[in-house]
Amino acid sequence: MSGQRWSVEVDREACIGSGMCAGSAPAFFELVDGRSRPLRAEVDADDEVLGVAESCPVEAILVRDVATGAQLAPEE
Amino acid sequence: MTEATTDGQPLPYPFGDGRQIDLEQRYAELRDTPGLVKVQLPYGRDCWLATRYEDARTVLGDPRFSRAAAVGPDVPRPNPEQPGDGGILMLDPPEHTRIRGVASRAFTARRVEEMRERTRALVERLVDEMVGHGAPADLVAHVALPLPVLVICEMLGVPFADRDDFQRWSSAFLSTTLLPPETVVEYGGALRDYMSELVEQRRAEPADDLISAMLRASDEQGRITRDELVTLAIGILVAGHETTATQLPNFVYVLDRERDQWDLLRERPDLVPRAVEELVRWVPLGVSSAFPRYAKEDVEVGGVLVRAGEPVLAAIGSANRDERVFPDADRVDVLRESNPHIGFGHGPHHCLGAQLARMELQEGLRALVTRLPDLRVAVADDELDWKSGMFVRGFRELPVTW
Ligand code: HEM
Ligand code: SF4
């Protein structure tokens with residue numbers, strides 16, 4: 001996984017503002033006006049990002065491998 | 001001003017015994033009092049209480065607060081037993097994220113939506129059976145309890161036939177003072193043995209259920225140990241039925257009292273999802289705020305400096321009545337549009353079953369307003385059979401007519 005870059009997006013329409021991602025992975029997500037937003041659009045590969053993306057109750061967090069474009073979360 | 005902020009003496013807490021649906025009046029005063037208040041629960045040390053929406057969200061969602069630190073005899077709590085170890089509500093990220101991730105995909109909005117049709121058919125059948133029994137009938141026994149128990153049994157892969165046993169044992173986790181501590185230990189152990197055995201059965205013979213899926217995460221991916229799996233499955237089984245089973249009768253009771261709101265739903269069942277959000281906001285399900293968060297460093301909350309190592313409780317029921325966020329907050333308004341309530345919590349521990357509970361409550365309420373539009377509570381207020389000595393407020397039985 002080392003060296004990989006991932007893109008992180010939040011679908012703010014779908015987000016229900018549970019605060020799960022921002023509370024669990026504050027280095028990557030923050031709540032703005034009650035909805036989540038990634039702090040950075042691109043990050044070094046990190047299990048923490050994948051973990052919370054998989055746990056989002058409405059699957060609003062989209063993580064992709066920048067090089068290949070492959071969708072890493074949510075699981076399709 | 002309350003005495004708590006002037007003489008430093010903690011207020012005895014909770015503010016009532018929960019034998020009423022209305023939020024205890026004390027919270028409204030506290031929301032308008034600057035700072036946080038110190039309270040004393042029946043067991044453990046004194047504790048800060050956050051009653052405003054913004055402050056409650058900070059306590060629940062800010063990573064400077066920890067649940068894992070809430071261990072030992074000092075932890076403020078409404079029940080005599082010391083907090084046990086291992087439950088998902090006792091963990092901090094990243095362990096929490098790892099464990100929760102093993103189950104969370106089964107609880108996404110998308111997966112829950114796939115269960116809606118079957119749940120609808122199930123509720124219809126339960127309502128038919130209640131009608132067949134004839135009025136008055138107990139809404140809890142006929143509809144509100146079997147609904148979530150059937151759903152969670154099917155989802156997890158727990159035999160519905162065992163419900164009398166596991167419901168009795170579950171009460172160990174739902175009791176504050178209802179059960180003596182020896183019984184809590186005994187029932188907790190019995191439920192653990194039961195679940196361990198079930199998990200072993202699934203390992204020998206996997207099925208299309210959540211226990212089997214979690215076993216794959218355990219055996220194939222090593223994401224979770226067998227012990228953690230059993231604990232998680234118990235947590236889901238316990239949290240997955242009592243809450244919904246208590247809330248649906250609470251909703252019916254509130255809508256019976258606010259009859260214009262029931263009538264609105266009768267005419268416009270399409271409002272049911274909004275009504276469910278409004279009622280989850282309005283009904284203060286917890287008798288007492290529970291599960292304090294410990295500050296990992298000094299944190300300012302509501303104008304008070306909470307020192308590292310101090311516990312704070314978030315009063316969810318009170319936060320949901322904060323006028324700063326919900327205009328006319330004490331009114332039940334099924335037309336309310338913006339409703340960012342925290343009835344399912346907030347932050348890392350935001351209810352795992354929130355989407356499932358929403359769906360169950362929506363289908364339950366929809367079936368009742370459409371099939372039994374003249375549904376009424378059949379007993380006077382002073383004859384209501386309130387639960388007591390439990391974490392949640394609601395009815396042991398709720399006789400209804402239609
Ligand atoms: C009306 C129904 C329900 C309400 C009002 C409700 C409310 C809540 C609240 C407020 C919390 C957070 C507690 C805290 O942070 O201190 C929570 C957590 C939790 N709920 Fe629910 N709940 C409901 C139904 C369910 C259902 C159906 C399940 C089934 C699977 C469930 C499973 C859980 C679990 C496992 C947690 C702990 C999550 C964690 O620690 O990450 N709940 N619930
Ligand atoms: S976990 Fe999902 S729903 Fe919750 S705040 Fe993050 S993006 Fe929004």
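## Exercises on a two-chain model

Pro74(A) lies in the segment after strand 6 (71-73) of chain A, where helices (H or I, at least four residues) and strands (E, at least two) are DSSP runs numbered from the N terminus. The model is predicted, so that local features need pLDDT of at least 70 and side-chain atom pairs count only at pLDDT 80 or more, whereas totals for chains, interfaces and linings use all residues. Residues are numbered from 1 along each chain as its sequence is written, chains are lettered from A and ligands numbered from 1 in the order in which they are written, and side-chain values use heavy atoms, with hydrogens and water left out.

### Exercise 1: backbone geometry

Task: Describe the peptide bond that leads from Ala73(A) to Pro74(A), the one that joins Ala135(B) and Pro136(B), and the phi of Asp33(A).

Solution. Step one: the bond from Ala73(A) to Pro74(A) is cis, with omega near -5 degrees. Step two: in chain B, Ala135(B) and Pro136(B) are likewise joined by a cis bond, with omega about -5 degrees, and Pro136(B) belongs to the loop between helix 6 and strand 5 of chain B. Step three: Asp33(A), a residue other than glycine, has a positive phi, near 50 degrees, and its place is the loop between strand 2 (29-32) and strand 3 (35-38) of chain A. As background, most residues other than glycine have a negative phi, and most peptide bonds are trans.

### Exercise 2: strand pairing

Task: Which strands of chain A pair with strand 1, and in what order do the 3 strands of the open sheet in chain B stand?

Solution. Step one: two strands count as paired if DSSP finds at least two bridges between them. Step two: strand 1 (residues 5-10) of chain A runs antiparallel to strand 4 (residues 42-44) of chain A, to which 3 bridges join it, and Ser7(A) stands opposite Glu42(A) there. Step three: strand 1 of chain A also pairs with strand 5 (residues 61-65) of chain A, in the antiparallel sense and over 5 bridges, with Asp65(A) as the bridge partner of Trp6(A). Step four: in chain B the order of the open sheet is 5-13-10, with antiparallel pairing. Its edge strands, each of which pairs on one side only, are strand 5 (137-138) and strand 10 (376-377) of chain B. Strand 5 of chain B meets strand 13 (residues 399-401) of chain B over 2 bridges, and Val400(B) is the bridge partner of Ala137(B).

### Exercise 3: the space around ligand 2

Task: What space does ligand 2 take, and which residues lie nearest the centre of that largest cavity?

Solution. Step one: ligand 2 takes the space of the largest cavity, for which a molecule must have more than half of its atoms within 2 Å of the grid points. On a 1 Å grid over the protein atoms alone, a cavity is a set of points where a 1.4 Å probe fits but cannot get out, and lining residues have an atom within 4 Å of a point. Step two: the volume of the largest cavity is about 110 Å³, a volume being the space filled by probe spheres set on the points, which are joined across faces, edges and corners. Step three: of its 15 lining residues, Cys15(A), Ser18(A), Cys21(A), Ser36(A) and Cys56(A) lie nearest the centre.

Methods: 1 Å grid on protein atoms, 1.4 Å probe; cavity = no way out; pocket = protein on both sides within 12 Å on 5 of 7 lines; lining within 4 Å.
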